[in-house]
Amino acid sequence: MPVAAGHDSGRQTGLLLGRSGLIAIVLMALTIPALAVPAAEVAPREAMRLHLLDTCVINSNRQNDNASVNFADRCRCATDRTMRGLNEEEIASLEGWGGVSRSVEDAFNQNWEACG
């Protein structure tokens, strides 16, 4: 039995509204919790550790064209050794993500050589 034209278009409209409504609900469900949770604060010691590790990996890859070399282990070693020797004043010397004090940089460079 053929379906009347009015009935068919109403059914398609209902499906279309149903899909867009479902998409809207899913998007709201995904975005509302993200908006409600504030960004986590990073402890100063962890911020320093991440800064040293990230900077090491980025700089190592920039300075060496050999993409097959894995610097992660050496960077991790130098970062761990440096972090063990830092006092609270040196940790507090990290200004945002801008840089570290000269003493921290020197300690890291010594540890980089030791981890080679």
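**Exercise 1. Find which helix supplies the largest share of the lining of the largest pocket, then describe that pocket.**

Solution. Helix α2 gives the largest share of the lining, seven residues. The model is a predicted one. Now look for contributing helices. Both α2 and α5 (102-115) supply at least two lining residues each. Sort the lining by class: six nonpolar, seven polar and one charged. Finally, the volume: the pocket holds about 310 Å³ of space.

**Exercise 2. Describe how α2 packs on α3.**

Solution. Locate the helices: α2 covers residues 44-63 and α3 covers residues 72-85. Their axes lie 9 Å apart, at an angle of about 150°. Angles over 145 degrees count as roughly antiparallel. The crossing of α2 and α3 is right-handed. Then list the contacts. On the α2 side, they include Met48, Leu52, Cys56 and Ser60. On the α3 side, Cys75, Arg76, Thr79, Thr82 and Met83 take part. The α2–α3 contact divides into seven nonpolar, three polar and three charged residues.

**Exercise 3. Is α3 oblique or parallel to α5?**

Solution. Start with the geometry. The axes of α3 and α5 come within 8 Å and cross at roughly 130°. Therefore α3 is oblique to α5. Handedness comes next: α3 passes α5 in a right-handed crossing. Residues of α3 in this contact include Cys75, Ala78 and Thr82. Their partners in α5 include Val104, Phe108 and Trp112. By class, the α3–α5 contact has nine nonpolar, three polar and three charged residues.

Methods:
Residues numbered from 1 in each chain as written. Predicted model: local features only at pLDDT ≥ 70, side-chain atom pairs only at ≥ 80, totals over all residues. Heavy atoms only, no water. Axes fitted to C-alpha atoms, helices over the stretch in contact; angles between N-to-C directions. Helix = DSSP H or I, 4+ residues; strand = E, 2+ residues; numbered from the N terminus. Left-handed = near helix turned anticlockwise from the far one by under 90°. Contact = heavy atoms within 4.5 Å. Nonpolar A, V, L, I, M, F, W, Y, C, P; charged D, E, K, R; others polar. 1 Å grid on protein atoms, 1.4 Å probe; cavity = no way out; pocket = protein on both sides within 12 Å on 5 of 7 lines; lining within 4 Å. Points joined across faces, edges and corners; volume = space filled by probe spheres on them. Parallel < 35°, antiparallel > 145°, perpendicular 65-115°, else oblique.
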